Amino acid sequence: MDKPVTPRAAAPGPRRRDRHGRGMRGPIAPPQVPLAASRAEAFADLVQDSVERLERRWPQLADIDFLVLEVPRLDGPGQAWNDEAVPLGGTISAREGRPARVVVYRRPVEIRTKGRDERAALVHEVVVEQVAELLGLTPETVDPRYGEDQG
């Protein structure tokens, strides 16, 4: 008498092989390695590094929110893009219990830079300019190294 063969129960735990006998695919790099960070996360880190650098000199920056947005938006009807006027950052004054905000636009900054070092320098420049505007100071007052080649 032939007994039907019953399939083996899958072991409780992670599969070690895919159906072709090869190892399971996984992340290319562990999460703590910079390669695993998305472009948006890496950009936000550049902004945070810049802010931390300035906060040592200007402790009042702790009261300002720093945001990263993909692109600037057009607020009113009839506004059109101008090739020479795409902003890299902006400020929003404090009002109604909301703190002042500095915004850095990721895509316009990325488009204008090649490589991480150049991007970090431009991000810092944009943050310094926006902080200066918010505080009513010159960028050179906010960061004495403003305008110097960082590379």
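This report describes the fold of a predicted model of one protein chain.

## Overall make-up

The protein chain has 151 residues, and 24% of them count as buried. Its secondary structure consists of four helices and three strands. Read from the N terminus, these elements follow the order α-β-β-β-α-α-α.

Contacts can also be sorted by how far apart the two residues are along the chain. Among contacts in the protein chain with a separation of 6 or more, 59% are between residues 24 or more positions apart.

## The sheet

The three strands make an open sheet, and their order across it is β1-β3-β2. The pairing in this sheet is mixed. The edges are taken by β1 (65-69) and β2 (89-92); each has a single partner strand, so one side of each has no neighbour in the sheet. From one strand to the next, the twist averages 20°.

Which way do β1 and β3 run relative to each other, parallel or antiparallel? They run parallel, and five bridges join β1 to β3, which covers residues 101-105. Two positions illustrate this pairing. Phe66 stands opposite Val102 in β3, and Leu67 has Val103 of β3 as its bridge partner.

As for burial, four of the five residues of β3 are buried, so β3 is largely enclosed by the rest of the structure. A residue counts as buried when its relative accessible area is under 20%.

## Helix α1 and its neighbours

Helix α1 lies across β1 and β3, and its direction is at about 155° to β1. Helix α1 also meets another helix. The axes of α1 (residues 39-55) and α3 (residues 116-135) come within 9 Å and cross at roughly 50°. The crossing of α1 and α3 is right-handed.

Which residues of α1 and α3 make the contact? From α1 come Phe43, Leu46, Val47, Asp49, Ser50, Val51, Arg53 and Leu54. From α3 come Arg116, Arg119, Ala120, Val123, His124, Val127, Val128 and Val131. Sorted by class, the contact of α1 with α3 has 10 nonpolar, two polar and four charged residues.

Ala42 is another residue of helix α1. With a relative accessibility of 31%, Ala42 counts as partly exposed, because that class lies between the 20% limit for buried and the 50% limit for exposed. Ala42 and Arg116 are 74 residues apart in sequence, and their C-alpha atoms are 9.2 Å apart in space.

## A loop residue with positive phi

Glu96 lies in the loop between β2 and β3. Is Glu96 buried or exposed? Its relative accessible area is 76%, so Glu96 is exposed; the cut-off for exposed is over 50%.

The backbone of Glu96 has a phi near 45°, a positive value in a residue other than glycine. Most residues other than glycine have a negative phi.

Key:
Residues are numbered from 1 along each chain as its sequence is written. This is a predicted model: local features need pLDDT of at least 70, side-chain atom pairs count only at pLDDT 80 or more; totals for chains, interfaces and linings use all residues. Side-chain values use heavy atoms; hydrogens and water are left out. Axes are lines fitted to C-alpha atoms, for helices over the stretch in contact, and angles run from 0 to 180 degrees between N-to-C directions. Helices (H or I, at least four residues) and strands (E, at least two) are DSSP runs, numbered from the N terminus. A crossing is left-handed if the near helix is turned anticlockwise from the far one by less than a right angle, and right-handed if clockwise. Contact means heavy atoms within 4.5 Å. Ala, Val, Leu, Ile, Met, Phe, Trp, Tyr, Cys and Pro count as nonpolar, Asp, Glu, Lys and Arg as charged, and the others, Gly among them, as polar. Two strands pair if DSSP finds at least two bridges between them. Buried means under 20% relative accessible area, exposed over 50%, partly exposed in between (1.4 Å probe, protein chains only).
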